[in-house]
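Have a look at the structure first, and then we can walk through it together.

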Amino acid sequence: MNKRDNPPRGRPEAIVRPAAPLLDVERIAPRAELADFVDYYWLTRWNLREPHRQQVVPQPRVHIAGEGGRLLVHGVSREPFFRTLTGTGQVLGAAFHAGGFRPLLRASVSTVSGTVRTGREVLGIDDRSAARGDDPVAALEEYLLRVAPEPDATATLVTGLVGEVAQRPDIVRADQLARHAGLGLRSLQRLFAEYVGIGPKWVVQRSRILDATAAAHAGEPVEWADLAQRLGFSDQAHLTRVFAQIVGAPPSEYRRRAGNG
């Protein structure tokens with residue numbers, strides 16, 4: 001099967017609701033030569049009568065997005081991500097695997113964390129023509145191929161570990177992940193700084209917050225105290241505090257805003 005016939009889902013719960021009306025997000029799988037590095041491309045289109053400020057919960061992955069005639073590299077950020085959308089438009093971006101940007105950067109991914117810089121600044125190749133192509137996906141892929149990343153077994157390992165965290169809500173602490181990986185905690189921290197750009201504690205907690213966000217989106221009744229315990233928070237107040245810091249509202253209030261109760 002052509003990989004593009006089965007595009008990945010990503011984590012749609014990272015898009016904070018309510019989303020803008022007429023906001024469409026399409027996810028497109030990468031060509032085979034880039035599949036070790038790029039998880040998916042995302043194409044966001046909108047047609048709005050009024051400006052809309054959209055929030056996205058940052059995840060442990062680097063993005064490259066075409067904006068203002070440039071390709072911009074968005075390093076992993078601890079801060080909430082906002083973008084004000086107006087009129088009609090679209091943006092294409094590449095979402096890298098958790099360890100997938102290291103083979104392009106050829107340096108510690110922590111060096112770009114919390115920054116937004118042009119492709120030329122980060123990767124050393126002029127990005128301007130790629131950001132203006134008639135076929136934006138093809139232009140972006142040609143640009144990434146010019147960077148000439150090579151498969152990296154450690155990058156694959158790190159991507160797998162972050163994937164385990166996303167799929168296993170029973171992993172609630174970084175030391176659990178270290179034991180699962182057969183590493184000491186400090187070794188895991190160094191590995192994540194080099195390949196992900198942020199520490200394993202952040203990665204684990206962010207994944208559990210996205211689990212809580214998914215529960216708020218699901219429309220089913222939620223016992224927040226029970227969910228907090230299952231997700232590794234000390235109590236409901238702890239979950240509420242962290243959730244509000246990241247998403248912008250306590251879980252129960254956010255659930256109401258999302259139209260689920």
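What share of the contacts in the protein chain with a separation of 6 or more comes from residues 24 or more positions apart? The share is 69%, where contact means heavy atoms within 4.5 Å. Please keep in mind that this is a predicted model, in which local features need pLDDT of at least 70, side-chain atom pairs count only at pLDDT 80 or more, and totals for chains, interfaces and linings use all residues. Residues are numbered from 1 along each chain as its sequence is written, and side-chain values use heavy atoms, leaving out hydrogens and water.

**Overall build**
- The protein chain has 10 helices and 8 strands, taken as DSSP runs (helices H or I, at least four residues; strands E, at least two) numbered from the N terminus.
- Along its principal axes, the C-alpha trace spans about 50 × 50 × 35 Å.

**Inside the protein**
- Buried residues (under 20% relative accessible area, 1.4 Å probe, protein chains only) make up 48% of the 261 residues.

**A closer look at Leu-43**
- Leu-43 sits in strand 2 (residues 38-47) and is buried, with a relative accessible area of 7%.
- Beyond its neighbours within four places in sequence, Leu-43 contacts Asp-24, Val-25, Glu-26, Gln-90, Val-91 and Leu-92.
- Leu-43 and Arg-27 are 16 residues apart in sequence, with 6.4 Å between their C-alpha atoms.

Note on methods
Buried means under 20% relative accessible area, exposed over 50%, partly exposed in between (1.4 Å probe, protein chains only).
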